[in-house]
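Hi,

Here is the structure I promised to pass on. Have a look at it first, and then read on for what turned up.

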Amino acid sequence: MSQAYAEVIGDPIAQSKSPVIHGYWLEKLGIEASYRAAHVPSEALAGYLSGRKADPDWRGCNVTMPHKQAVMPLLDRLDPLAGRVGAVNTIVRESDGSLTGFNTDVAGFLEPLRGQLARKHLFRMARVFGTGGAARAIVAALAAENVVIVLAGRDPAKAQALLEELDPGGEHHSVDLAHFAETTDFAFDDREGCFDLIVNASPLGMAGQPPLAFDFSHAPPGSVVYDIVTHPAETPLLEAARAAGFGTIDGMTMLIGQAAVAFAKFFGQAPPREDGDRELRALLAA
């Protein structure tokens, strides 16, 4: 008998934790379905989607590097948020076989910040590192929350173009990534009543990649350091941030948050998260 299933696609894909997350929720809810990883190189992307489109058991897929933008022209429609972000990380097969692209990274990224963003601030600022698909979602999410963004990339012109595309009216700034590697003697003012965020939206710090070179003299007092890298969950940036007394959010938080939104789209139920994801996080850390 056939069984409903969903997948995560990317190149590479072996490191993905999504099958563990979705598999855990499916088992907890007793849903007769599966979730697996599929290695799909760029040249096979169109063929993969046309094949899956014809399979009524396929509920959709999550999309990871490097396909978040490449899948867009291959879909039948885009959710307005995905269109605005310019990146898709979740594809849903509708009942008529058509494919809709969503971006659940925005919701996943904002989930652990909701409490702070619900408060009033005198000023909100984020230093964001990276200019890829995840960075697009993060820039769009923060701009919508009235956060002034300093976007750092290896190519500042690309960073500037991304800012102008995603929030053309915003007073944001672009800078070379190397700027934050050097010590600064900038004297931060009293940050009481301000919201300061430092986000690594790049692959730097991921296993097999060099760490993000960030000098904490660039971090205003009270900053929260958020690293979206998931492998390892405890990155050099987060270790250094904790040692320096800053609050931290790890990439597993965003990964689980965006997966929860996708899971509901694939399987028609919200996932069980009553324990604050403690059991799931322990499983992911094992």
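Let's start with serine 223. Setting aside neighbours within four places in sequence, serine 223 is in contact with Asp196, Ile198, Phe246 and Gly247, where contact means heavy atoms within 4.5 Å. You'll find serine 223 in the loop between β10 (194-200) and β11 (224-227). (Helices, H or I and at least four residues, and strands, E and at least two, are DSSP runs numbered from the N terminus.) Serine 223 counts as buried because its relative accessibility is 1%; buried is under 20% relative accessible area, exposed is over 50% and partly exposed is in between, with a 1.4 Å probe and protein chains only. A polar atom of its side chain sits 2.6 Å from the backbone oxygen of proline 220.

Before going further, please keep in mind that this is a predicted model: local features need pLDDT of at least 70 and side-chain atom pairs count only at pLDDT 80 or more, while totals for chains, interfaces and linings use all residues. Residues are numbered from 1 along each chain as its sequence is written, and side-chain values use heavy atoms, with hydrogens and water left out.

The loop between β10 and β11 also holds leucine 212. With a relative accessible area of 12%, leucine 212 is buried too. Beyond the neighbours within four places in sequence, leucine 212 is in contact with Phe129, Leu177, Asn200, Leu204, Gly205 and Leu237. Take leucine 177 from that list: 35 residues separate leucine 212 from leucine 177 in sequence, and their C-alpha atoms are 9.2 Å apart.

Next, glutamate 145, in the loop between α6 (133-144) and β8 (148-153). Is glutamate 145 buried or exposed? Glutamate 145 counts as buried, at 17% relative accessibility. Its side chain makes a polar contact with the side chain of arginine 114 at 3.0 Å. (A polar contact is a pair of N or O atoms within 3.5 Å; within protein, one must be able to donate a hydrogen and the other to accept it, and residues adjacent in sequence count only if both atoms are side-chain atoms.) Not counting residues up to four places away in sequence, glutamate 145 touches Leu110, Arg114, Leu117 and Arg124.

Now for the helix packing. Helix α1 (residues 18-29) packs against helix α10 (residues 278-285) at about 135 degrees, with the axes 10 Å apart. Axes here are lines fitted to C-alpha atoms, for helices over the stretch in contact, and angles run from 0 to 180 degrees between N-to-C directions. That angle makes α1 oblique to α10; under 35 degrees is roughly parallel, over 145 roughly antiparallel, 65 to 115 roughly perpendicular, and the rest oblique. On the α1 side the contact is made by Val20, Ile21, Tyr24, Trp25 and Lys28, and on the α10 side by Glu279, Leu280, Leu283 and Leu284.

Helix α9 (residues 251-267) also packs with α10, at an angle of about 120 degrees and with axes 12 Å apart. So α9 and α10 are oblique to each other. Met252, Thr253 and Ile256 of α9 make the contact with Leu280, Arg281 and Leu284 of α10.

Finally, the axes of α6 and helix α7 (residues 156-166) come within 10 Å and cross at roughly 45 degrees, and α6 and α7 are therefore oblique. Here Arg136, Val139 and Ala140 in α6 meet Leu162, Leu163, Glu165 and Leu166 in α7.

Best wishes
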